[in-house]
Amino acid sequence: MHTFPAERTAVVTGAASPRGIGRATAHRLAGAGWSIGLLDVDGDACAELAEEISRGSGVAAAGVGVDVSDAAAVRAAVDRLEAGLPPVVGLVNVAGVSSPTPYLELEDDEWHRVLRINLDGVHHVTSRVAQSMVRGGVGRVVSISSVSAQRGGGTFSKTPYSVSKAGVIGLTRALARELGPHGITVNAIAPGPIDTDIMGGRLSEERKVELVADLLVDRVGTTEDIAGAVSFLLAEESGFITGHTLNVDGGLYMH
Ligand SMILES: NC(=O)c1ccc[n+]([C@@H]2O[C@H](COP(=O)([O-])OP(=O)(O)OC[C@H]3O[C@@H](n4cnc5c(N)ncnc54)[C@H](O)[C@@H]3O)[C@@H](O)[C@H]2O)c1
């Protein structure tokens, strides 16, 4: 069994948006001593966040702009990150898009757009980063699915989103099986409603009340709720957890 190197990097995708899960996660991991590699389609915001993180937490951080749906660009972007950071031990796949179009109005382009970013994107980044983790003999992969995968939507996004997030769970289980012998764990997190801007903009107080009505706790989730779960699954002590989907959803889905 390989232990974590003292200096190690977590790559976090989708961390650029100001009120998003990725940003909170990147800050949380930096606070736990991880060096941080950021990938987001918004390259400028990514670079600024990297600076903010290294100033604030004193860890090494770098950000590269890339569309995760472009496999070749992802490989090149990870090459750039790796050139200036400690070995990559963690990967957090956060980048994703919502899609509220009803199925009967859905056009092919929208279906493919969502699948390419939310599912192919996770595959592209994981496939490239797994090569490095296999060489290092240890790794932690966490991908953000959604309770939408388990409940067939029911929040804001509809069919292609649900399908893409169900795909992330399938990918997680298959990779847990194949990468386990290389010392790599692979898990997913299924968030319930989290207070970010992905559900058509900032949540109004009325919208929060509607969302909370379906939950067992009396509030919507925060980005810190997800960042804490990611940090737990990325930790060295979590090496016996793999192939798991952790619901962080205020009790919205019980299974
Ligand atoms: N907020 C919720 O309620 C909720 C619930 C369940 C799952 N999720 C999932 O959590 C993840 C983060 O969501 P969020 O709420 O922080 O949303 P967000 O919109 O704030 O963040 C999404 C990030 O992904 C980036 N991104 C989008 N397309 C990209 C692409 N093609 N390549 C690279 N980066 C790209 C965006 O620039 C942004 O920084 C998403 O995968 C989302 O589906 C969110």
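Against which helices and strands do the buried residues of H1 pack? They pack against E1, E2, helix H2 (43–57), strand E4 (88–93) and helix H8 (223–234). Before I continue, please note that this is a predicted model, in which local features need pLDDT of at least 70 and side-chain atom pairs count only at pLDDT 80 or more, while totals for chains, interfaces and linings use all residues. Residues are numbered from 1 along each chain as its sequence is written, and side-chain values use heavy atoms, with hydrogens and water left out.

The labels H and E denote DSSP runs numbered from the N terminus: helices (H or I) have at least four residues and strands (E) at least two. Buried means under 20% relative accessible area, exposed means over 50%, and partly exposed lies in between, with a 1.4 Å probe and protein chains only. Contact means heavy atoms within 4.5 Å.

Let us stay with H1. Eight of its 11 residues are buried, so H1 is largely enclosed by the rest of the structure. Among the buried ones are Ile21, Gly22 and Leu29. Thr25, also found in this helix, counts as buried at 0% relative accessibility. If we leave aside neighbours within four places in sequence, Thr25 is in contact with Val92, Ala227 and Val230. After the helix comes Gly33, whose phi is positive, near 100 degrees.

I turn now to the aromatic rings. Rings of Phe, Tyr and Trp (its six-membered ring) pair if their centres lie within 6.5 Å; planes under 30 degrees apart count as stacked, over 60 as edge-to-face and the rest as tilted. This rule gives one aromatic pair. The ring centres of Phe4 and Trp34 are 5.7 Å apart and the planes stand at 70 degrees, so the pair is edge-to-face. Phe4 lies in the segment before strand E1 (9–13) and Trp34 in the loop between helix H1 (21–31) and strand E2 (35–40), so the pair ties together parts that are 30 residues apart in sequence. Both partners are buried: Phe4 has a relative accessible area of 12%, and Trp34 has 3%.

A polar side-chain atom of Asp40 lies 2.7 Å from a ligand oxygen atom, and one of Thr196 lies 2.5 Å from an oxygen atom of the ligand. A polar backbone atom of Val68 is 3.0 Å from a ligand nitrogen atom.

Finally, consider Asn187, in strand E6 (residues 184–191). Is Asn187 buried or exposed? Asn187 is buried, with a relative accessible area of 1%. A polar atom of its side chain lies 3.3 Å from the backbone nitrogen of Gly243. Leaving aside neighbours within four places in sequence, the contacts of Asn187 include Val141, Thr172 and Leu233. Leu233 is also touched by Ser238, again not counting residues up to four places away, and Ser238 lies in the loop between H8 and strand E7 (245–248).

How values were computed
Polar contact = N/O pair within 3.5 Å; in protein donor to acceptor, adjacent residues only side chain to side chain.
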